Amino acid sequence: MIQVKSERELELMRKACRITAASRALAGEMVLAGMHTQEIDRAVHDFMIKQGATPSFLNYNGYPKSICISINEEVIHGIPGKRRIKEGDIVSVDVGAYIGGFHGDCAATFAVGEISESARKLIEVTRQSFFEGIKYARPGYRVSDISHAIQAYAESFGFSVVREYVGHGVGAKLHEDPEVPNFGEPGHGPRLIPGMTLAIEPMINLGKSRIRVLSDGWTVVTADGLPSAHYENTVLITNGEPEILTTVDGEC
Ligand code: MF3
Ligand code: CO
């Protein structure tokens, strides 16, 4: 069942999403050579609590930390710990904040100092694939129109789309219907209706699309060991242009 949010619920969503986006920005500022990933996790955790929110991911299906930090060939769900970020890494940060009964969910990949030209392009294309997708995030289209636009754009650069993990509805629950894949033929899936809130989140690999999960039970890595990037926002379907909810001062 797809939840269509009322105006009252959307005000609560906006607040959760604002804190989520501010958390992503804070994490992004801390993605620096020499930083332990657990320091970023702790800082974002403390920030959310200070804002009156709680981290959506902490204890979600047993997830042990407050945010996900995935480096280089790690696609998603990297667990913060003692690992140090180093020059040349690309670092994906995924955050969710829960407040007033609603979740926000967003992610981005950050470069650490000088990175390879191919990694730079991967980050840029992954981000832009989200914006190509949301051109279809409006009434008159269906979910897979978004999916198809993301895939077509990413693959036109020779990159590949992760299949096993997908975007999703988000609201009172972190994961709601519908699923929002980053691949597929256009014209399928639910019709988009004003009041739907979707976490649209392309996960794009430099090499092949195959992934595997490490023995920690969480960290998803590319099978070929090549880098991966992630970009996500919580998006509201309106009567016209989609509204990106996970912004701070219009930035995302
Ligand atoms: N942002 C992730 C998603 O959209 C959620 C992370 S799952 C967790 O699916 F378990 F790590 F919290
Ligand atoms: Co998500």
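**Close-up views of a predicted model**

**View 1. Strand 5 and its cover.** Strand 5, residues 102–111, is mostly covered, since 8 of its 10 residues are buried (under 20% relative accessible area, with a 1.4 Å probe and protein chains only). Strands here are DSSP runs of E with at least two residues, numbered from the N terminus. This is a predicted model, in which local features need pLDDT of at least 70 and side-chain atom pairs count only at pLDDT 80 or more, while totals for chains, interfaces and linings use all residues. Residues are numbered from 1 along each chain as its sequence is written, ligands are numbered from 1 in the order in which they are written, and side-chain values use heavy atoms, without hydrogens and water.

**View 2. The hairpin of strands 4 and 5.** These two strands run antiparallel and are joined by 10 bridges, and Val-95 stands opposite Cys-106 in strand 5. The hairpin that they form has 2 residues between the strands, and Gly-100 in the turn has a positive phi of about 65°.

**View 3. Asp-89 in its loop.** Asp-89 lies in the loop between strand 3 (74–76) and strand 4 (90–99), and is buried, with a relative accessible area of 2%. Its side chain makes a polar contact with the side chain of Asn-72 at 2.9 Å (a pair of N or O atoms within 3.5 Å, one able to donate a hydrogen and the other to accept it within protein, where residues adjacent in sequence count only if both atoms are side-chain atoms). The side chain of Asp-89 also reaches the backbone nitrogen of Lys-86 at 2.8 Å.

Notes: Helix = DSSP H or I, 4+ residues; strand = E, 2+ residues; numbered from the N terminus. Buried < 20%, exposed > 50% of the residue type's maximum accessible area, 1.4 Å probe, protein only. Pairing = 2+ DSSP bridges.
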